[in-house]
Amino acid sequence: MRFFFVKVLLIFAACASPVVGNAQTLNQQISRGVTFIAPQIDYQGMAAIQNAQTQANQAAMQRRLIEEQTRALQLENNQREAAARNSQGSGVVQEMPPYMQQWLKSAQPRMHLFADFEQVVFSPNVAISDDMIKLMAASPFAADIAYYLGSHKMEAAAIKSMAMLDAARSISDIEKRLMEAATQAK
């Protein structure tokens, strides 16, 4: 009988202890000296993930580099093609507009009076419009007017922004002053 009771007590103790163990708080388990197993860190897996990320970043950088190099080559090729077209086009004489031919014809007899005529008149920062050239084309002082406008860039820019009638008056005034100066010099 005693053996029977010991058996029952052992069974009862075995059944009761997990229930009691589950009911205990975490602090009670720590105070009893229960040790918890720290999860194992998978360093190999983390290294594989970092390796994959590094490879992906390198591939993206290489792709961007190739795209930039492709764009640079395309730009260089476009510039070469444009230069080739310009060099081929320079051999072909382009037709000058009639008003420009008229201005050149009117200006040619007096261009030699100005040593730096081409640098002053044909400078890229001189504001002489096509309308201004048309207005100067009829004058025998076309070269003088163009040189004056090239020398007085602010006045040329102001005339360029004027309405056609006002620009004609301004160019006519310049022509009159230049004619008077030419007659006084004789």
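Among contacts between residues at least 6 apart in sequence, 64% join residues at least 24 apart, where contact means heavy atoms within 4.5 Å. Please note that this is a predicted model, in which local features need pLDDT of at least 70, side-chain atom pairs count only at pLDDT 80 or more, and totals for chains, interfaces and linings use all residues. Residues are numbered from 1 along each chain as its sequence is written, and side-chain values use heavy atoms, with hydrogens and water left out.

The protein has nine helices and zero strands; helices are DSSP runs of H or I with at least four residues, strands are runs of E with at least two, and both are numbered from the N terminus. Of its 186 residues, 20% are buried, that is, under 20% relative accessible area with a 1.4 Å probe, counting protein chains only.

I turn now to the helix pair. Helix α6, residues 130-137, packs against helix α9, residues 164-185, at an angle of about 45 degrees, and their axes lie 10 Å apart. The axes are lines fitted to C-alpha atoms over the stretch in contact, and angles run from 0 to 180 degrees between N-to-C directions. α6 and α9 are therefore oblique to each other, the class left once angles under 35, over 145 and from 65 to 115 degrees are set aside.

Which residues of α6 and α9 meet? From α6 come Asp131, Met132, Leu135 and Met136, and from α9 Met164, Ala167, Ala168 and Ile171. By class, this contact of α6 with α9 holds seven nonpolar residues, no polar residues and one charged residue. Here Ala, Val, Leu, Ile, Met, Phe, Trp, Tyr, Cys and Pro count as nonpolar, Asp, Glu, Lys and Arg as charged, and the others, Gly among them, as polar.

Technical notes. Buried means under 20% relative accessible area, exposed over 50%, partly exposed in between (1.4 Å probe, protein chains only).
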